[in-house]
Amino acid sequence: MIDSHCHLDSPRYDEDRAELLDRAWDAGVREILSIGIGEGPETMHRALEISREYAGRPETPRIWASAGVHPHEARLADEAAYAKIEGLLLEPEVRACGEIGLDYFYDHSPRDVQKAVFSRQMEIAAGRRKPIIIHCRPSQNSSDAWDDTLEMLRTQWAQRGLGGVLHCFTGEERHAREAMDMGFLISFAGNITFPKAQPIRDAAAMVPLDQMLIETDAPFLAPVPNRGKRNEPGWVKEVAVTIAELRGLEPDEVSDRTTANFRALFHPGTTFASTDLHR
Ligand SMILES: [Zn+2]
Ligand SMILES: [Zn+2]
């Protein structure tokens, strides 16, 4: 099983990061993509540091990193931040640019700034031939951020053939379909277990298994039965179980298929024996 999106660099893990990685291993997690947005551009390198800190540690998931400026912090993106992303994307552990995109729910940065920063980071990712991890959240009862994000992906990304992920998918079926047509994987997080999340479950019942990922977005969005607590990568299992129930499958099938999808996107050119899925 792979947790395709979590924030392992969160200070909320500083006291017990090793222990939660042990628990993730025991739950069957073999790789983790730690999102490198830091607490702003200044600390976006922390995910890479953690990847290296735990590399080679026995019975520990392999940790990969990304690098990018979250739409919340778009107003902090300057030339130094872009240069930092350029540099980080050259490191072998850094597999993607992200999370990047548009958040009109909180509007922590002005929308025109969010768009400019998103656009610039797509350019950087394309130059480094890396996939992108998209964060998209519209304002309430609207699809505004989806419309803008999909339009930007269509005009500035799709033709590059590098693909990416819509992380923590909460959009409508049509948004997922349009992104999948552009080669994106759709990633589902712990909020799929929330009682009111029927639209997310409907989307997860529709997305083909070979275009799907699972994630925690930890420390956020802990799944039922731990809702409200600090989330952790081992709990990605609840996401696999929920999707399996929706589709009448065994959880192992969801784990194995999403693991293969993750590896095809983030480790292109590497071949894995089928037994590697469980190692
Ligand atoms: Zn996000
Ligand atoms: Zn995230």
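Biologist: Which residues are exposed on the other side of helix 3?

Modeller: Exposed means over 50% relative accessible area, buried under 20% and partly exposed in between, with a 1.4 Å probe and protein chains only. Helices are DSSP runs of H or I with at least four residues, strands are runs of E with at least two, and both are numbered from the N terminus. In this predicted model, Glu-79 and Ala-80 are the exposed residues there. Local features need pLDDT of at least 70, side-chain atom pairs count only at pLDDT 80 or more, and totals for chains, interfaces and linings use all residues. Residues are numbered from 1 along each chain, chains are lettered from A and ligands numbered from 1 in the order written, and side-chain values use heavy atoms without hydrogens or water.

Biologist: Which residues of helix 3 are buried, and what covers them?

Modeller: An α-helix has 3.6 residues a turn, so residues three or four places apart point the same way. In helix 3 (residues 79-88), the buried residues are Ala-81, Tyr-82, Ile-85 and Leu-88. They fall within an arc of 125° seen down the helix axis, so they line one face of helix 3; the arc is taken from the directions from the axis to the C-beta atoms. Their cover includes helix 2 (46-54), strand 3 (62-67), strand 4 and helix 4 (111-128), where contact means heavy atoms within 4.5 Å.

Biologist: Which residues coordinate the zinc ion (ligand 2)?

Modeller: Donors are N, O and S atoms within 2.8 Å of the metal (3.2 Å for Na, K and Ca), and sites may look incomplete because water is not among the atoms. Here His-5 (NE2), His-7 (NE2), Glu-99 (OE) and Asp-217 (OD) coordinate the ion at 2.1 to 2.4 Å. Glu-99 also bridges this ion and the zinc ion (ligand 1), the two lying 3.6 Å apart. His-5 belongs to strand 1 (residues 2-6) and Glu-99 to strand 4 (residues 94-103), so the pair ties together parts 94 residues apart in sequence. Both His-5 and Glu-99 are buried.

Biologist: How many salt bridges are there?

Modeller: A salt bridge is a side-chain nitrogen of Lys or Arg within 4 Å of a carboxyl oxygen of Asp or Glu. The count by this rule is 20. One of them joins Asp-148 and Lys-115 (3.5 Å, N to O), linking helix 5 (residues 144-156) to helix 4 across 33 residues. Arg-177 pairs with Glu-173 at 2.7 Å between the closest N and O atoms; these two are 4 residues apart in helix 6 (residues 173-181), about one helical turn.
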